[in-house]
Amino acid sequence: HHIVADGWSVRLMLRELYDGYRSQPLPPEGSSYLDYAAWHRRWIEAGGADAEVGYWKEQLAGAESSISLPTDFPRPSRPSSDGDAVGLRLDGELLEKIGIFAASLRTTPFTILLAAFQLFLYKHGSGAAPVIAIPVGNRHHPGSGEIFGTLDNTLPYRLEIQPGESFSQLVERVRDASFAMLAAQDAPFERIIEAVQPERAL
């Protein structure tokens, strides 16, 4: 489904279906996905994202091409899609506490969970600065919030854990790194890969 629509678009579709069933008028038609894609391509080709690509190249300098975590079987020599997903549901009381803690540090629950995940990886041998893929909506341009299509992007978040820092200090640094990451979200992931040239497992 991500070929034609991202999660943001699904919400737009559900909103219009809901309004349609309630006989509410649909919002006026604005820019189409084709209009946005054409504009974005021209902007990229004119060098609009060059500074942002440079930011990511600097952020990813020296990054490991893979994370070596302890597993119950050897890492395969060739990547495959074999695997499984492990779900985790947080209860309401814990979510409320996370929200309160996030508010005390002027951030969001996502930042708390990202910091916890990075710390979890670090405790299991990922190294101090693993690269974590973060999907972003990429809907900050005027009018993009009402476009139906795939505008999302993947960003290679990276932040080094400092020995001896408290969890609150880590969260504050993750918060600031997240702001910097979002400021550079227009760099297409494929352009970042071209600039960084990471080692790939074939």
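Biologist: Where does S80 lie?

Modeller: S80 sits in the loop between α3 (50–59) and α4 (92–104). Helices (H or I, at least four residues) and strands (E, at least two) are DSSP runs, numbered from the N terminus. This is a predicted model: local features need pLDDT of at least 70, side-chain atom pairs count only at pLDDT 80 or more, and totals for chains, interfaces and linings use all residues. Residues are numbered from 1 along each chain as its sequence is written, and side-chain values use heavy atoms, without hydrogens or water.

Biologist: Why is S80 called exposed?

Modeller: Exposed means over 50% relative accessible area, buried under 20%, partly exposed in between (1.4 Å probe, protein chains only). S80 has 52% relative accessibility, so S80 counts as exposed.

Biologist: What makes β1 and β2 a pair?

Modeller: Two strands pair if DSSP finds at least two bridges between them. β1 and β2 (residues 153–158) have six, in the antiparallel sense. I134 has L155 as its bridge partner in β2.

Biologist: Which side chains of β1 are buried?

Modeller: Along β1 (residues 131–136), I132, I134 and V136 point to one face and are buried.

Biologist: What does the largest nonpolar core hold?

Modeller: Such a core is a set of buried Ala, Val, Leu, Ile, Met, Phe, Trp, Tyr and Cys residues joined through side-chain atoms within 4.5 Å. The largest has 25 residues, and W56, I134, Y157 and V174 have the most contacts inside it. α6 gives the most to this core, with five residues.
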